[in-house]
Amino acid sequence: MFLSLKNALGKTLGSTFRGLLDSFSGASAAYSLRMLSGAYTGHALRVRRNDNVEVDVGFNGGSVSLSSPITNVSGEPVYTVNYTDSSWQFTGSAFSGPNSANTGAFDFGGNTSTLTCSLDFDTPVLAGNTLSVSFTVNSITNSGVISILPAGGGSPIAQQTVDSTGSKLISFSNISGTAVEVQFAFASTSSAINVSSFQMSATSGDTAATTLGAFMTELSSSTDLFVETWYDQSGNSRDAVQTTTSEQPKLASSGTLETDANGKITMLFDGTDDDFDLPSTVMSSLDSVSAFNVCSSSTTSGVKVALGLSRSQGSAKRHYLPLLSSAQFFHSYDNHFADSSQKLADADTNQHLFSSVAGASTAKGFFDGGDAKFSETSVSTYASNTAGGIGSTNGTLNWQGDISEIIIYNSDQTSDFDAINTQIKSYYGIS
């Protein structure tokens, strides 16, 4: 019997996983929605929900899916409300209300054995959060039981007994629910209690979801997800990042994950400003680079760049893979922009594999892993991007469509080039 275990990222333990990078090592950077290496123990993506809550997304079964585990939550709203006259509601027959001599405090007591207080939130607490409640009991006569009840009443969620020893901080944490009531049960009808500094909060980073699918639907059924970080699986920590929220590509629209023609998860770039910033250390020379890009364009018009490894500056030594221009795909290399000599194919909206390899003497461009579409003398001049790189070149000519996988080597991979192309084509169903 074969036993398979998974770690917190969804990576299978107790079995040998081999990905593309295990067979073809030495990548400078590698970004994908599938796992590329059995040695990689990190996440696939850092994802932002449209309420600005962020999580890291792991792999499940070797790829990103609705079942992918999530960790490292941040950005959840914190609701903390201090006492105001309009914030409190009381049920019970006796309370003296705010103590004018002690602003922000309440005196309860007199003619009842229980007094329940609830706090209204102007902004609802997100379902699935856990609450924290704290306040100071300044004085109490006799003893009493303080209970946390679900909003609207019901069985106590948590309870504490207080005595007449004087001032005491009362705290309840990890209370399940979206709103609660606080109930004071006095030991006798002659008891009294003075309370101040009441606070209720939903703690940041405590989403109840444990998978990407649950995280996406926790807020609503029509949630959008955006990608803040595309983690590098090469082991070099060259993560591709976009911190500007309006420029982050989409992973899900209206509660549905973006997929390619074969149903594999991908991410969508809007053609206006979406992109990721590539580290300048990904490559250092245009005569020692190999690149592989799986993407599709949702348009055949305009001028768009999916991967810009070098920007046009000075002597205009470019590396764009692909460049869409005049309804054609190009590998724009050296000082060529949309030169017929570097045409890869007529543009369409299908998913394709665009690849290139350059060594000390020759640079070549390929379309769907076939024969080289062009070959010319390679150049070494290189100008790194100051912005963008994935989904744009230097923050301009933004790609409109999907990008699923980018693998970059800062070396000539001619010896393994056909085999790498074949493996990628097989996974994505590219013919």
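This is a predicted model: local features need pLDDT of at least 70, side-chain atom pairs count only at pLDDT 80 or more; totals for chains, interfaces and linings use all residues.

Colleague: What is the volume of the largest pocket, and which residues lie nearest its centre?

Modeller: Rolling a probe the size of a water molecule over the atoms shows where empty space is left. On a 1 Å grid over the protein atoms alone, a cavity is a set of points where a 1.4 Å probe fits but cannot get out, while a pocket is an open set with protein on both sides within 12 Å along at least five of seven lines; lining residues have an atom within 4 Å of a point. Points are joined across faces, edges and corners, and a volume is the space filled by probe spheres set on them. Here the largest pocket has a volume of about 180 Å³. Its lining has 15 residues, with Val-357, Lys-364, Phe-366, Thr-414 and Phe-417 nearest the centre.

Colleague: Which elements supply that lining?

Modeller: Helices (H or I, at least four residues) and strands (E, at least two) are DSSP runs, numbered from the N terminus. β29 (351–358), β30 (362–367) and α3 (417–428) each give at least two residues to the pocket lining, and β30 has the largest share, with four residues.

Colleague: How many cavities of 30 Å³ or more does a search of the whole structure find?

Modeller: One. The largest cavity has a volume of about 40 Å³, and the residues that line it include Leu-278, Met-283, Leu-309 and Tyr-382. Count Ala, Val, Leu, Ile, Met, Phe, Trp, Tyr, Cys and Pro as nonpolar, Asp, Glu, Lys and Arg as charged, and the others, Gly among them, as polar. The cavity lining then has six nonpolar, three polar and no charged residues.

Colleague: Which residues of the largest nonpolar core touch the most other members?

Modeller: In soluble globular proteins, nonpolar side chains tend to be buried together. Buried means under 20% relative accessible area, exposed over 50%, partly exposed in between (1.4 Å probe, protein chains only). A nonpolar core is a set of buried Ala, Val, Leu, Ile, Met, Phe, Trp, Tyr and Cys residues joined through side-chain atoms within 4.5 Å. In the largest one, of 58 residues, Leu-45, Trp-230, Leu-251 and Ile-390 touch the most other members. Apart from it lies another core, of 18 residues, including Phe-24 and Val-357.

Colleague: Where does Asp-224 lie, and is it buried or exposed?

Modeller: Asp-224 is in the loop between α2 and β17, and it counts as buried because its relative accessible area is 17%. The side chain of Asp-224 reaches the backbone nitrogen of Ser-254 at 2.6 Å.

Colleague: Which residues does a cis peptide bond join?

Modeller: Most residues other than glycine have a negative phi, and most peptide bonds are trans. Here a cis bond joins Leu-321 and Pro-322, with omega about -10°, and Pro-322 lies in strand β26 (residues 318–325). As for phi, Ala-327 has a positive value of about 60°, and Ala-327 sits in the loop between β26 and β27 (328–334). Asp-334, in strand β27, has a positive phi near 65°.

Methods: Residues are numbered from 1 along each chain as its sequence is written. Side-chain values use heavy atoms; hydrogens and water are left out. A polar contact is a pair of N or O atoms within 3.5 Å; within protein, one must be able to donate a hydrogen and the other to accept it, and residues adjacent in sequence count only if both atoms are side-chain atoms.
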